[in-house]
Amino acid sequence: MGKRIYVDFDDCLCETARSFSDIAKRLFGKDVPYEKIRFFNLQESFELSDDDYEKLMLEGHKPEVLVSYDETPGASRVLNEWIDSGHEVFVITGRPYIAFEASRRWLDEHGLSRVKLFFLNKYGRDFFYKNSEFNLELEDYYKMKFDYAIEDSPMAFRFFGHLPELRVMVYDRPWNHECELPGDNYFRCTDWDLIQKKVK
Ligand SMILES: [Mg+2]
């Protein structure tokens, strides 16, 4: 039977943090390579003032920057093989809805025109997302059922608590190394080949 699979966008499908590392270097001369990004909160990881953090986020969410993110190796191949075998893939991102067009374009340009894309306010980054909208309301999200989830951010694990059967593939990233996984239904995965093996 087809499974329903939640897939996060940034740092699961594409190499967002690597781009932010480049941007922080270009804008502020901060030299924090990907491997040294210890916190999901990039303001902490790059040691930025509130103003500079806002500049960083605005730069990283420009359409031309969003569409340029590199694909995480194997992501689109695995998603397409899942869809071909009857699974349903829901990309659920914490990006603001203003990023819809560029996000959709990135998916389409990477052979992922068949995946559904939803915007959920995962992180409440209100200073930057002040007037932004999300097209998936929390109450509607909680009505959705998933069998598997692929996520890199420990801050998003709270969105899985209502699904005790869910198997969560934690995409291994420097900022989740220190996080204790919340349950034995969580599995740390270093790449898409391993994720594919674990999703049956
Ligand atoms: Mg992510």
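This is a predicted model: local features need pLDDT of at least 70, side-chain atom pairs count only at pLDDT 80 or more; totals for chains, interfaces and linings use all residues.
Let me begin with Tyr141. Leaving aside its neighbours within four places in sequence, Tyr141 is in contact, meaning heavy atoms within 4.5 Å, with Tyr6, Ile92, Leu120, Leu136, Phe146, Phe159, Phe160 and His162. Residues are numbered from 1 along each chain as its sequence is written, and side-chain values use heavy atoms, with hydrogens and water left out.

Tyr141 brings us to the core. The largest nonpolar core holds 69 residues, and those that touch the most other members are Val7, Leu13, Trp82, Tyr141, Phe160 and Trp192. By nonpolar core I mean a set of buried Ala, Val, Leu, Ile, Met, Phe, Trp, Tyr and Cys residues joined through side-chain atoms within 4.5 Å. Buried means under 20% relative accessible area, exposed means over 50%, and partly exposed lies in between, with a 1.4 Å probe and protein chains only. Helix H5, residues 75-84, gives the most to this core, with 5 residues. Helices (H or I, at least four residues) and strands (E, at least two) are DSSP runs, numbered from the N terminus. Because domain 1 (4-14 + 70-198) and domain 2 (16-66) both give residues to the core, it lies between them. In soluble globular proteins, nonpolar side chains tend to be buried together.

How do the two domains meet? Their bounds come from an automatic or database domain assignment, which gives domain 1 as 4-14 + 70-198 and domain 2 as 16-66. The C-alpha centres of domain 1 and domain 2 lie 21 Å apart. To the contact, domain 1 brings 22 residues and domain 2 brings 15 residues. Between them an area of about 1,700 Å² is buried, and carbon and sulfur atoms give 62% of it. Buried area here is the accessible area (1.4 Å probe) that two parts lose on being put together, summed over both. Across this interface the rule finds 1 salt bridge, a salt bridge being a side-chain nitrogen of Lys or Arg within 4 Å of a carboxyl oxygen of Asp or Glu.

How many salt bridges does the structure hold? The count is 19. In one of them, Glu88 pairs with Arg4, and the closest N and O atoms are 3.5 Å apart. This pair links distant parts of the chain, since Glu88 is in strand E2 (residues 88-93) and Arg4 is in strand E1 (residues 4-7), 84 residues apart. Glu88 has 32% relative accessibility and so counts as partly exposed; Arg4, at 26%, also counts as partly exposed.

Another pair is Arg114 with Asp84, whose closest N and O atoms are 3.0 Å apart. Here Arg114 is in the loop between H6 and E3 while Asp84 is in helix H5, 30 residues apart in the chain. Arg114 counts as partly exposed at 42% relative accessibility, whereas Asp84 counts as exposed at 57%. Salt bridges that share partners also join Arg4, Glu88 and Lys116 into one network.

I turn next to the metal. Which residues coordinate the magnesium ion? They are Asp8 (OD), Asp10 (O) and Asp152 (OD), at 2.0 to 2.2 Å. Donors are N, O and S atoms within 2.8 Å of the metal (3.2 Å for Na, K and Ca), and water is not among the atoms, so sites may look incomplete. Along the chain the donors follow the spacing D-x1-D-x141-D. Asp8 lies in the loop between E1 and helix H1 (16-28), and Asp152 in the loop between strand E4 (148-151) and strand E5 (167-171), so the pair ties together parts that are 144 residues apart in sequence. Asp8 counts as buried at 3% relative accessibility, and Asp152 counts as buried at 1%.

The loop between E4 and E5 also holds Ser153. Ser153 is buried, with a relative accessible area of 0%. Not counting residues up to four places away in sequence, Ser153 touches Phe40 and Tyr123.

Finally, helix H6. In this helix, residues 100-109, the buried residues are Ala102, Ser103, Arg104, Trp106 and Leu107. Their cover includes helix H4 (63-66) and strand E3 (116-119). After H6 comes Gly111, with a positive phi near 75 degrees.
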